Amino acid sequence: MAEKLMFMITHGLDHPEHATIPFVMAVAALASDVEAVIGLQADGVEIAVKGRADSVAAEGFPPLSKLMNDYKELGGKILICGPCVKSRQIDPETQLVENAEVVAAARFVVELTSATNALSY
Amino acid sequence: MCAMDVAELGTLTAAEVIDARGAACPGPLLEARKGMGKVAIGDVIEVWSSDPVTKTDIGAWAGKVGHEFLGVIEDDGYDRVFIRRGK
């Protein structure tokens, strides 16, 4: 079975480290030939809004926007909680970064159960 | 575990030297990955990093993806990390 890691992020602008570290891990995973999927729920969906990650930088780490760009260039995908997007009045058609996909619970279940390991931040 | 000591590493000529000084994790790792794509199997790349965790991180990465971590020379404020392309 191919190795796959899933990272669930539930923090965004409120907690830069919790938003940043999973992208560090996911980038390292993809660079190591391990599949990586990032899932955003609750306040975590904020960082997938275009431009919003530009202001997020955790000390000791690259800026979040750079990490998100590295992740995209390595083919990483971001799954975003549909109800969380809707409740924050985020327009999924125009406001989200291009490698984002709005999904619901069943898709998260499929991704999580097919992962070798899953981590929640 | 390093495959070569410092004296042996000093005799190597890297096919690609990557200056990743100033970059934080995972920057040096990504630069190493990019650099490895530019050299032939069996060639050596040398990554310069001022991040002290790079030497262990690249060692772990190399073992994971099938390259050979050769060792590290500590220079003035940065590490010179040597890896041989294995695949």
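I began with the sheet in chain B of this predicted model. I found four strands in an open sheet, in the order E1-E2-E4-E3, with mixed pairing. Strand E1 (16-19) and strand E3 (68-74) of chain B stand at the edges; each has a single partner strand, so one side of each has no neighbour in the sheet. From one strand to the next I noted an average twist of 20 degrees.

Next I looked up one strand pair. E3(B) pairs with strand E4 (residues 79-84) of chain B in the antiparallel sense, and six bridges join them. I picked out Ile73(B), whose bridge partner in E4(B) is Arg80(B).

Then I turned to the helices on this sheet. Helix H3 (residues 54-65) of chain B packs on the sheet and touches E2, E3 and E4 of chain B. I read about 5 degrees between the direction of H3(B) and that of E4(B). Helix H2 (residues 27-36) of chain B lies across E1, strand E2 (44-49) and E4 of chain B, and runs at about 155 degrees to E2(B).

I moved to chain A. The axes of helix H1 (residues 16-31) and helix H2 (residues 64-73) of chain A come within 9 Å, crossing at roughly 30 degrees. Angles under 35 degrees count as roughly parallel, and H1(A) and H2(A) are therefore roughly parallel to each other.

Which residues of H1(A) meet H2(A)? I listed Ala19(A), Thr20(A), Phe23(A), Val24(A), Ala26(A) and Val27(A). On the H2(A) side I listed Leu64(A), Leu67(A), Met68(A), Asp70(A) and Tyr71(A). The residues of this contact divide into nine nonpolar, one polar and one charged.

Technical notes:
Residues numbered from 1 in each chain as written. Chains lettered and ligands numbered in written order. Predicted model: local features only at pLDDT ≥ 70, side-chain atom pairs only at ≥ 80, totals over all residues. Pairing = 2+ DSSP bridges. Helix = DSSP H or I, 4+ residues; strand = E, 2+ residues; numbered from the N terminus. Axes fitted to C-alpha atoms, helices over the stretch in contact; angles between N-to-C directions. Contact = placed C-beta atoms within 7 Å. Parallel < 35°, antiparallel > 145°, perpendicular 65-115°, else oblique. Nonpolar A, V, L, I, M, F, W, Y, C, P; charged D, E, K, R; others polar.
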